[in-house]
Amino acid sequence: MTVRDRSVAVIGNGPVGQTTALLLARWGVPVVLLDGRPGRDKIGSKAICQQRDVLDVWESVGAGRRIADEGVTWSIARTFHRDTELFALSMEDAGRSDFPPFVNISQSRVEEILDERIERQPLIDVRWNHKVTRIDQDADSVRLTTESGAQVVADYVVACAGAHGEDLRSALDVRFEGHSFDDRFLICDIRVDLPGWARERRFWFDPVWNPGRQVLIHPCPGSTFRIDWQVPGDYDLAEEERSGALDARIRAIVGDADYEIVWKSVYRFHSRVADRFRVGRVLLAGDCAHLVSPFGARGLNSGVGDAENVAWKLAYVLGGWADESLLDTYHTERHAAAVENIEVTTATMDFLVPHDEEQAALRESVLTGAATDPELRSKVDSGRLSEPFWYVTSPLTTPDPGRPFAGRPPRGQVPPSGPGILVPDVPVSAPEATRLRELLRDGFCVLVARGAEAPDVSSVPWPVRVLSLADLDEGGTVAEALGARPGELWLIRPDAYTAAVVTDPAELTPALFRAVGGAQAPAPA
């Protein structure tokens with residue numbers, strides 16, 4: 001059987017594939033969502049740490065508020081060396097977001113909530129038991145062949161097949177370079193009552209109950225805690241269960257409290273990135289495109305960033321508002337994001353698992369000194385927590401010499417607003433929205449600062465809204481959060497990233513065309 005009535009086929013019905021499908025449907029794009037499994041796997045916490053800006057993306061498809069409300073909210077990350085607390089990190093907010101910095105909730109519960117949104121979306125056709133075994137494409141379409149012989153034909157394909165997408169990458173001749181870490185990590189979801197631990201992430205270097213290695217503890221809903229122990233490469237979980245050592249390991253943390261192991265597994269983490277995120281009409285996203293260690297919660301969160309980026313670009317190409325070359329910038333922007341995540345998480349793993357005695361001695365001196373020396377605390381790396389990538393060097397971004405990007409800010413902080421930066425989320429006064437980002441995710445928008453005249457965008461062959469900051473916010477909260485100066489025009493992309501800031505209205509139209517890849521496409525019929 002061949003499906004011919006769907007513009008995009010999404011391979012992989014995990015959270016990245018679900019998000020991609022929901023965002024495409026929000027743009028009016030029909031989607032067929034394929035997965036080789038017989039149905040939803042609801043076991044284990046897996047990716048539990050959902051970042052504020054990702055919740056905001058999910059809210060655009062009607063799921064973010066519910067995920068946030070069901071999750072455990074936390075804003076403090078505590079780091080210890082043995083029994084000494086080194087520091088507690090608070091996550092900053094560039095605006096006044098409705099969402100907390102992070103919530104912890106199991107990946108399986110997130111998938112259930114997204115499934116409920118998909119069930120209400122007639123533009124999404126979900127097909128389980130559809131393992132894709134072959135990809136053929138030409139200048140006009142992609143033909144997918146499944147294990148059962150069924151065929152699906154679509155204009156484009158987004159491959160969100162997860163960490164086990166090697167067959168798809170091989171079929172596309174995509175290299176997946178990088179390395180795997182020798183040490184393993186034991187992960188247990190444990191239901192137990194630990195008073196005072198329910199709102200904080202805790203990380204231990206070299207605790208007496210896991211000497212020479214690390215332990216990470218995350219609170220989860222339902223009095224459940226996700227505990228990650230770094231263990232040797234030859235660790236044997238079955239033997240530890242048989243001998244009683246697993247119970248002793250857990251008791252070292254929970255004491256005499258009654259506990260229940262809800263789920264357990266042993267992982268070896270990988271650090272890999274695909275050399276191409278676009279192969280013709282096929283685009284790779286999520287773990288199918290990049291794998292990182294979980295310290296920093298950059299896996300699923302970055303995958304949702306992929307989903308939003310690819311969805312609006314496919315919608316603009318399919319709608320006739322942009323040339324197909326816009327899809328090349330999906331690779332440019334999200335490959336750069338993946339490389340940064342690899343860089344950040346590799347630095348963390350190098351600190352967690354030193355390569356030689358010299359590195360181990362340096363780490364020990366940093367950890368020991370950080371207890372009393374504030375300057376050394378910045379060198380303690382227990383994971384730089386997930387944050388949006390900044391498209392400051394993207395070909396879609398028009399630089400502003402008056403707002404040069406100062407580079408990656410310190411942990412927990414965000415850069416000042418400007419071209420390439422995700423706009424802060426602040427309240428607005430508008431009939432159709434109460435938050436700035438909620439107002440901006442329906443297409444390109446120009447925000448007009450005080451003292452600037454509303455520009456003429458009639459020459460642009462796709463919808464562009466022009467909104468006055470004064471009308472949105474009489475008190476000036478939005479302008480203050482942006483750092484908007486009198487006479488400026490702020491061009492915002494459909495994913496709420498700033499594409500340009502100009503003072504000369506004549507510069508706005510070139511910035512608009514640059515923001516869709518530079519090619520002027522005819523208006524859709």
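In the predicted model, strands β11 (residues 142-146) and β12 (residues 151-154) are paired in the antiparallel sense, and four bridges join them. Within this pairing, R143 has V153 of β12 as its bridge partner. The two strands, β11 and β12, make up a hairpin in which four residues lie between them. In the turn of this hairpin, G149 adopts a positive phi of about 100 degrees.

An open sheet is built from three strands with antiparallel pairing, arranged in the order β4-β8-β5. The edge positions are taken by β4 (49-51) and β5 (72-74); each has a single partner strand, so one side of each is left without a neighbour in the sheet. From one strand to the next, the twist of this sheet averages 30 degrees. Three bridges connect β5 with strand β8 (residues 102-104), again in the antiparallel sense. Across this pair, W74 is found opposite F102 in β8. Helix α2 packs on the sheet and touches both β4 and β8. The direction of α2 makes about 75 degrees with that of β4.

Strand β20 (residues 270-274) is joined to β23 in the antiparallel sense over two bridges. In this pairing, R272 has L291 in β23 as its bridge partner.

The description of two packed helices rests on the angle between their axes and the distance between the axes. For α9 (residues 328-352) and α10 (residues 357-370), the packing angle is about 90 degrees and the axes are 9 Å apart. The two helices, α9 and α10, are therefore roughly perpendicular to each other. On the α9 side, the contact involves D350, F351 and L352, which meet Q359, R363, V366 and L367 in α10. Classified by residue type, the contact of α9 with α10 comprises four nonpolar, one polar and two charged residues.

Over the whole structure, the search identifies four cavities of 30 Å³ or more. The second largest cavity holds about 290 Å³ of space. It is lined by 24 residues, of which N301, G305, P388, F389 and Y497 are the closest to its centre. Helices α2 (52-59), α8 (299-318) and α9 each provide at least two residues of this lining. The greatest contribution to the lining of the second largest cavity is made by α8, which gives six residues. By class, nine nonpolar, seven polar and eight charged residues make up the lining of the second largest cavity.

Conventions: Residues are numbered from 1 along each chain as its sequence is written. This is a predicted model: local features need pLDDT of at least 70, side-chain atom pairs count only at pLDDT 80 or more; totals for chains, interfaces and linings use all residues. Side-chain values use heavy atoms; hydrogens and water are left out. Axes are lines fitted to C-alpha atoms, for helices over the stretch in contact, and angles run from 0 to 180 degrees between N-to-C directions. Angles under 35 degrees count as roughly parallel, over 145 as roughly antiparallel, 65 to 115 as roughly perpendicular and the rest as oblique. Contact means heavy atoms within 4.5 Å. Ala, Val, Leu, Ile, Met, Phe, Trp, Tyr, Cys and Pro count as nonpolar, Asp, Glu, Lys and Arg as charged, and the others, Gly among them, as polar. On a 1 Å grid over the protein atoms alone, a cavity is a set of points where a 1.4 Å probe fits but cannot get out, and a pocket is an open set with protein on both sides within 12 Å along at least five of seven lines; lining residues have an atom within 4 Å of a point. Grid points are joined across faces, edges and corners, and a volume is the space filled by probe spheres set on the points. Two strands pair if DSSP finds at least two bridges between them.
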